[in-house]
Amino acid sequence: MSVEGLVHEPKFIDREDRRELREWLAGQHPLWEDRHAPGRTVREGQKRRRLLRPVIWLGGWQFACLNYYRTGHEAHRVVEAEPFPPVLTRLVARIEAIAAETFAPADIPPGWCLNTCLINFYGLTLRDGKWVDTARLGSHRDHEPGPVGSLSLGALARFEFTTGRVAGDEVVLERELKDSSMLLFGTEKWKEQLHHRVVSVGRQGGHTFGTEIEGFRLRRVNFTLRYVPPEYIHPFHTMPQDARDKVRGYVETLAGTSPFFAAALRKERAL
């Protein structure tokens with residue numbers, strides 16, 4: 001199920017790797033971020049809001065309040081994060097090999113590798129005593145250079161490439177991302193000309209992961225794999241003071257269950 005610049009393998013993750021991924025997920029503690037930094041003045045007409053879904057970043061954490069990584073605005077956007085678990089490292093090696101076979105050299109930047117991973121958790125959110133379906137992702141582009149990989153676990157997601165960010169924009173390509181599937185896309189067309197989005201996530205299948213998230217009912221997990229040049233991934237204690245202050249509460253929360261982030265805080269305190 002491939003077109004130029006895009007590869008879709010519906011049964012990419014085998015049973016054993018799927019089991020290992022699920023076991024790893026059961027021990028994780030996703031973070032629910034706010035869009036804006038604590039204490040920051042929100043522009044008129046905006047609301048201070050929490051992101052639609054809890055997340056985990058591996059390799060490099062792109063906190064929403066630091067405005068994510070963008071080419072031309074790379075400085076101090078990405079905080080060094082925990083490494084990939086062994087099962088994800090194996091799957092990434094397979095995706096990188098497919099990319100090397102699929103894409104022209106001009107479409108793969110020097111040094112490219114899938115060294116960061118955003119794990120999105122999709123499901124129902126408890127708001128004011130009611131369960132609200134927040135299992136979607138608005139139209140956007142991934143600004144990290146080179147091909148992007150995606151692994152899906154759980155309920156089926158409807159994924160679309162569109163000509164723009166508005167709901168009524170033309171859908172150029174649609175894919176159903178099933179449990180254990182892989183999607184890999186690159187080239188100027190899929191990365192720069194088009195946007196992509198998750199329109200909906202099905203409720204069938206009874207998928208559970210053992211991941212406890214207060215006020216949330218989980219039914220799909222997606223691993224989005226991207227490349228951030230290593231010089232733009234910074235240990236927490238080397239970030240500017242202003243950036244550290246914006247994300248300190250998150251890092252302290254992560255440190256409660258993560259030896260990696262606990263060590264990051266100790267390094268900062270030793271300065």
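Reader: Which residues do ring pairs link into a cluster?

Author: One point comes before the answer: the model is predicted. Aromatic pairs are found from the distance between ring centres, with a limit of 6.5 Å. In this structure, a cluster joined by ring pairs takes in W61, F63, Y250, F260 and F261. The count of aromatic pairs comes to nine. One of them, F63 with Y250, is stacked, with 5.7 Å from centre to centre and 10° between the planes.

Reader: Where do F63 and Y250 lie?

Author: F63 belongs to the loop between β4 and β5, and Y250 to helix α4, so their pair ties together parts 187 residues apart in sequence. Both F63 and Y250 are buried.

Reader: Why is the pair of F161 and F185 called edge-to-face?

Author: The angle between the ring planes decides the class, and edge-to-face requires over 60 degrees. The planes of F161 and F185 stand at 85°, with the ring centres 5.2 Å apart, so this pair is edge-to-face. F161 is in strand β10 (residues 157-162) and F185 in strand β12, so the pair ties together parts that are 24 residues apart in sequence. F161 and F185 are both buried.

Reader: What is in contact with F63, leaving aside its neighbours within four places in sequence?

Author: A contact list of this kind shows which parts of the chain meet at a residue. For F63 the list consists of L31, E33, Y68, R77, V79, V247, Y250, V251 and L254.

Reader: How many residues has the largest nonpolar core, and which have the most contacts inside it?

Author: A nonpolar core is traced through side-chain atoms of buried residues. The largest one here has 58 residues, and those with the most contacts inside it are L25, W61, F63, I119, F121, L151 and F223. Helix α2 (residues 86-102) gives the most to this core, namely seven residues. Another core lies apart from it, with 16 residues, including L6, Y122, F185 and V201.

Reader: How should I read helix α4: where is its kink centred, and which of its residues are buried?

Author: An α-helix has 3.6 residues a turn, so residues three or four places apart point the same way. In helix α4 (residues 241-255), the buried residues are A243, R244, V247, Y250, V251, L254 and A255. Their cover includes β4 (60-61) and α5 (259-269). The helix has a kink of about 55°, centred on V247, which is itself among the buried residues.

Reader: In what sense do β1 and β2 pair, and what lies between them?

Author: Strand pairing is read from the bridges and from the sense in which the strands run. Strands β1 (residues 2-3) and β2 (residues 6-9) pair in the antiparallel sense over two bridges, and S2 is opposite V7 in β2. The two strands form a hairpin with two residues between them, and in the turn G5 has a positive phi of about 85°. Strand β2 also pairs with β12 (residues 182-185), in the antiparallel sense and over four bridges. In that pairing L6 is opposite F185.

Reader: Which residue other than glycine has a positive phi near 55°?

Author: Phi is read residue by residue, together with the place in the chain. H76 has this value, and its place is the loop between β4 and β5 (78-80). H76 is partly exposed, with a relative accessible area of 33%. T187, in helix α3 (residues 187-193), has a positive phi of about 70° and is not a glycine either.

Reader: How many disulfides does a search of the whole structure find?

Author: A disulfide is a covalent bond between the sulfur atoms of two cysteines. The search finds zero. For C113, the nearest cysteine sulfur is that of C117, 13 Å away, which is too far for a bond. C113 is partly exposed, at 27% relative accessibility, whereas C117 is buried, at 0%.

How values were computed
Residues are numbered from 1 along each chain as its sequence is written. This is a predicted model: local features need pLDDT of at least 70, side-chain atom pairs count only at pLDDT 80 or more; totals for chains, interfaces and linings use all residues. Side-chain values use heavy atoms; hydrogens and water are left out. A nonpolar core is a set of buried Ala, Val, Leu, Ile, Met, Phe, Trp, Tyr and Cys residues joined through side-chain atoms within 4.5 Å. Buried means under 20% relative accessible area, exposed over 50%, partly exposed in between (1.4 Å probe, protein chains only). Contact means heavy atoms within 4.5 Å. A disulfide is a pair of cysteine sulfur atoms within 2.5 Å. The bend at a residue is the angle between axes fitted to the seven residues ending there and the seven starting there. Two strands pair if DSSP finds at least two bridges between them. Rings of Phe, Tyr and Trp (its six-membered ring) pair if their centres lie within 6.5 Å; planes under 30 degrees apart count as stacked, over 60 as edge-to-face and the rest as tilted.
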